[in-house]
Amino acid sequence: MKYILMMSAKKADFDWYANWSKHDLQANFAFMRGFSKELKDSGTFVSAEGLAFPDQAKIVRAGSSGEPITDAVFPEAKEFLAGYWIVDVESPEQAYRIAARASAAPGPGGTPGNIPIEVRQVMSGPPEELL
Amino acid sequence: MDVSIEHLLRELTPQVLGTVVRRFQDFAAAEDAVQEASLAAAMQWPREGLPENPRAWLTQVAFRRMADHIRSESARQRRESEVALEAARTSESTAFETAPQEDDTLVLVFMCCHPALTPASAIALTLRAVGGLSTAEIAHAFLVPEATMAQRISRAKQSIKNSGIPFQLPTSEERAQRLRAVLHVLYLIFNEGYTSSTGPDLRRADLSHEAMRLTRIVHHLQPNDTEVAGLLALMLLTDARRLARTGAEGELIPLAQQDRALWDRQQIAEGVALLSATLPKGSVGPYQLQAAIAAVHDEAARAEDTDWPQILALYELLKRMSDNPMVMLNHAIATAMVHGPSKGLELLRALDSDARLAGHHRLDAVRAHLLEMAGDHEVAITHYRIAAGRTTSLPERNYLMTQAARLSEGPTSAARTAPPTGQ
């Protein structure tokens, strides 16, 4: 079963993150590389992407003739997706354990960030006929 | 690659692998060596023609790879066992016997489906070592990157190595239990293909065919095991309905509404014949019972001709044998079809306290359907929607939401057919 692990944060959190010390940033990058390798080595990795900072994010709606109407204004309280992992695991508990690892990514001073990770199951094909 | 060469290679893979593992007693390395030999064959044979004895050719190439492997290992470690070195030397100098030992394939199957492995590992390893599929093909079938699948297979091989499982048939005391584990893995492979036979990736359906091919091999090796035959019959009888169970847009079509002209009659006949030959042998197990239930459905010309009393009787037997809550749900459906929805709903109430079904969408889906049968549309709608919120299958969610929408949009006659969740 596949799960998506989504890390989201407010605009202010992205700005805060961009101002971490070099040492803290490098510790964070190293953790993420190691985490990615762990997923690959354990045979659970499906895909992962990090997204650009929300500064350039646009909200797009279709106009009257279907043309894109872009809107750059967003409320401060909104959560933006920072990145995600998709993993193929044997149980929801295994997905939760992986999410907890990601959540523990080090913040300033090496303290675990405890960032909330939203875990959702990826939909699959039709159900099996029953045993 | 030439299809006939591909088939030949896949048929020979477990036989050659068995010979190599028996000789060198190193499953992980032997598996790599045989994969390399298969690749070499896939390159050379179409160009140069089939060798006179393809199995001997493959075995020889794999033996040479093993010899190379052992030499490089011992060069690195300087303490390789004499046995392995001796095997490496003689494999090159002597015309070794390639007499296929049929048991080798069976030993391989037991090894790949060893209970020490997680189901996902056992599935991947079985498809590669016994099925002869490449890592890329298996990765594609499970929609994961090739590197992930390669890692999964290599970890599975490592587990086998670490656990020290010898390359031999399980003892007679263990045998029955180990065979059940094998059948479970084959069943999971079948379902993986069967439950994803729609959508953009039709290749996944190949997993069902692969599971049937592998089950046939095991059936051939264990012709007197009635549950092996039962599983093969179940696969044939279930897969026969494949084309009818989804519509053009991939939407789920419940059994009762399927176009039975699309069912594969030949496959049904084969499944029924196999089952009829097996049942009189005694020792009726869960796979045979499920096959028997599938056969009753398959033999009804129209949904309304279904022999529900017989299905109910079969579920009664199955219920005594298996503690699976899904069997209880299907039993409740069969009860509703024979004795009316209120009897079925009564059985569902007893299942409410089963922790294994707590929050499971199927309990709500079945309840919704039985409530609809009973004419209680308001509550049925609620349960269809609860079930839709809980399922992780996209076609099933679409189906359940459509059911709720249909009921809330107008008075229609209550459904008199069985829900799609039960056989």
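I take two strands as paired if DSSP finds at least two bridges between them. I take helices (H or I, at least four residues) and strands (E, at least two) as DSSP runs, numbered from the N terminus.

The model is predicted: local features need pLDDT of at least 70, side-chain atom pairs count only at pLDDT 80 or more, and totals for chains, interfaces and linings use all residues. Residues are numbered from 1 along each chain as its sequence is written, and chains are lettered from A and ligands numbered from 1 in the order in which they are written.

**Entry 1: chain A overall**

I looked up the elements of chain A and found three helices and six strands. Along the sequence they follow β-α-α-β-β-β-β-α-β. The radius of gyration of chain A (over C-alpha atoms) is 18 Å, well over the 14 Å that the globule rule (2.2 Å times the number of residues to the power 0.38) gives for 131 residues, so chain A is more spread out than a compact globule. I note that its C-alpha trace spans about 50 × 50 × 20 Å along the principal axes.

**Entry 2: the sheet of chain A**

I traced an open sheet of four strands in chain A, with antiparallel pairing and the order β2-β5-β1-β6. Strands β2 (45–50) and β6 (117–121) of chain A are at the edges with a single partner strand each, so one side of each lacks a neighbour in the sheet. Neighbouring strands are turned by 20° against each other on average, direction ignored.

I then listed the bridges. β1(A) and β5(A) run antiparallel and are joined by nine bridges; in β5(A), A:Y84 is the bridge partner of A:M6. Five bridges join β1(A) to β6(A), also an antiparallel pair, and A:Q121 of β6(A) stands opposite A:Y3. Five bridges link β2(A) with β5 (residues 79–88) of chain A, where A:W85 is the bridge partner of A:A48.

I also found helix α3 (residues 92–103) of chain A packed on the sheet, touching β1 (2–10), β5 and β6 of chain A. Contact requires C-beta atoms, placed from the backbone, within 7 Å. The direction of α3 makes about 155° with that of β6(A); axes are lines fitted to C-alpha atoms, for helices over the stretch in contact, and angles run from 0 to 180 degrees between N-to-C directions.

**Entry 3: a helix pair in chain B**

I examined α12 (residues 265–278) and α13 (residues 286–299) of chain B, which pack at about 135° with their axes 10 Å apart. Residues in this contact include B:I268 and B:L275 of α12(B) and B:A291 and B:A295 of α13(B).

Methods: Two residues are in contact if their C-beta atoms, placed from the backbone, lie within 7 Å.
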